Amino acid sequence: MSTQATHPVITPSASQPSQPTVRVGTRKSALALKQADYVVTALRQLHPTVNFEIKGMHSQADKDKITALYKFGGKGLWTNELEAELVAGDLDLIVHSLKDMPTGLPAGCVLACVTPREDPRDVVVVKAGLRDRYRALADLPPGAVVGTSSVRRMAQIRRRYPHLRFQDMRGNIDTRLKKLDAEDGEYAVLILAAAGLLRMGQRDRIAQFLEAATAGGGMLHAVGQGGLGIEARADDAKTLELLKPLEDVDAMLACEAERSVMRTLEGGCSIPIGVETQWEGDNKLRLAATVVNVEGTEAADAEKVEEIKTREEAVEFGKRVAQQLRDNGAQKILDVLNAEREAAKATAEPWVPA
């Protein structure tokens, strides 16, 4: 149940009027804090008379860095703790990596704003000691180990490169790069989001960009990848008004269409749904989507182009693409995956903090 938006009571003084304070929630990872700082810097420029404070928190998935992400099940791995504080009125807005933001939000909460989008593609990062030998997935020999915790990435790569092996990889960007580059490490490459590397100044580590048109490495990215989504309370008119000038309409419409595909298929961030959106002029949005089973042996694909001008049109567009995926066999793949996850949960031991 949502609570009425709470803001500090502003009591003007004779000497110096106090500023209203907006409390901004984010995860405590270096990338999340950098993204929150980006948003707050932009908001301060737009609203110099408002004070913005960043509050970092650890999510469930931040605390457990051992369990593979696809084994958690459920939704909101990165967001539940933050959303509880937003609903309680202890935060005024949350800055999310949009790909980690569930498509179903708590009652009374809304996706209030999508900022300009960074490059949404996945990329290949090669072990430092192997960069003179490999530059792309197609260069890797049979048995080479690919590091990723994403079932979507594993499934799509297995579809094209069944000879590769996969090993779970968790941690922030710096931790993953250190694990990759370790001389005694087994990883040959990592698959990461371009956006995170670019925001952290690691552009030089990108060996190959992966997208639908990439020869020998075509892959569709995660829903919302590269975007920053700002969540707020639906009844907090003041905060919603502050966020309006920050919105990138094209990014918002594209991401709403992508999120609608996932919402319609009831997939979380651990479900192997890949998407790719591109504006083609005259308000025409192309949306491609794929669902691949974990083994990479079965897949359903869909693609449509429609004129999209409003959020409502974007949502309906996503529903039609999701139906095309279902017609092409996606639901069967998802049903099998969900059944396997439920069976695993029945025998899993509860996680205990270290």
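Val 145 stands opposite Arg 165 in β7. This pair belongs to a predicted model. The strands β6 and β7 run parallel, and 3 bridges join them.

**The sheet and its helices**

β6 and β7 are part of an open sheet of 5 strands. The strand order is β7-β6-β8-β5-β9, and the pairing is mixed. β7 (165-167) and β9 are the edge strands; each pairs on one side only. From one strand to the next, the twist averages 30°.

Helices pack on this sheet. Helix α4 (residues 151-160) touches β5, β6, β7 and β8 (187-193). The direction of α4 makes about 120° with that of β8. Helix α5 also packs on the sheet, touching β5 and β8. The direction of α5 makes about 160° with that of β8.

**Charged pairs**

Side chains of opposite charge can pair when their charged atoms come close. In this model the count comes to 21 salt bridges. The table shows some of them.

| Salt bridge | Distance, N to O |
|---|---|
| Arg 27 and Asp 100 | 3.9 Å |
| Asp 181 and Arg 205 | 2.9 Å |
| Glu 241 and Lys 244 | 3.4 Å |

Take Arg 27 and Asp 100, whose side chains meet in a salt bridge. This pair links distant parts of the chain, 73 residues apart. Arg 27 lies in strand β1 (residues 21-27). Asp 100 lies in the loop between β3 (93-97) and β4 (109-114). Are these two residues buried or exposed? Arg 27 has a relative accessible area of 17%. For Asp 100 the value is 13%. Buried means under 20%, so Arg 27 counts as buried, and so does Asp 100.

Next come Asp 181 and Arg 205, which also meet in a salt bridge. Asp 181 lies in helix α5 (residues 173-181), and Arg 205 in the loop between α6 (194-199) and β9 (206-210), so the pair ties together parts that are 24 residues apart in sequence. Asp 181 is partly exposed, at 26% relative accessibility. Arg 205 is buried, at 9%.

Glu 241 and Lys 244 form a further salt bridge. Glu 241 is partly exposed, with a relative accessible area of 47%. Lys 244 is exposed, at 57%.

Salt bridges can also join up. Arg 23, Asp 92, Arg 233 and Asp 236 are linked in a network of them.

**A buried lysine without a partner**

Lys 127 is found in the loop between β5 (122-126) and β6 (145-147). Lys 127 is buried yet has no salt bridge. Why does it have none? Asp 181, the nearest side chain of opposite charge, is 6.2 Å away. Lys 127 does touch Asp 181 and Arg 205, among other residues. Its contacts also include Leu 180, Tyr 187 and Ala 188.

**Nonpolar cores**

The largest nonpolar core has 31 residues. Which of them touch the most other members? They are Val 261, Leu 265, Val 291 and Leu 325. Several elements each supply at least two residues of this core, including β4, α8 (249-265), β11 (273-279) and β12 (284-292). α8 gives the most, with 9 residues.

Leu 265 is in contact with Ile 273, Val 291, Ala 322 and Leu 325, among others.

Conventions: Residues numbered from 1 in each chain as written. Predicted model: local features only at pLDDT ≥ 70, side-chain atom pairs only at ≥ 80, totals over all residues. Heavy atoms only, no water. Salt bridge = Lys/Arg side-chain N within 4 Å of Asp/Glu carboxyl O. Helix = DSSP H or I, 4+ residues; strand = E, 2+ residues; numbered from the N terminus. Buried < 20%, exposed > 50% of the residue type's maximum accessible area, 1.4 Å probe, protein only. Lys, Arg positive; Asp, Glu negative; His and termini not counted. Contact = heavy atoms within 4.5 Å. Pairing = 2+ DSSP bridges. Axes fitted to C-alpha atoms, helices over the stretch in contact; angles between N-to-C directions. Core = buried A, V, L, I, M, F, W, Y, C linked by side-chain atoms within 4.5 Å. Lists of a residue's contacts leave out its neighbours within four places in sequence.
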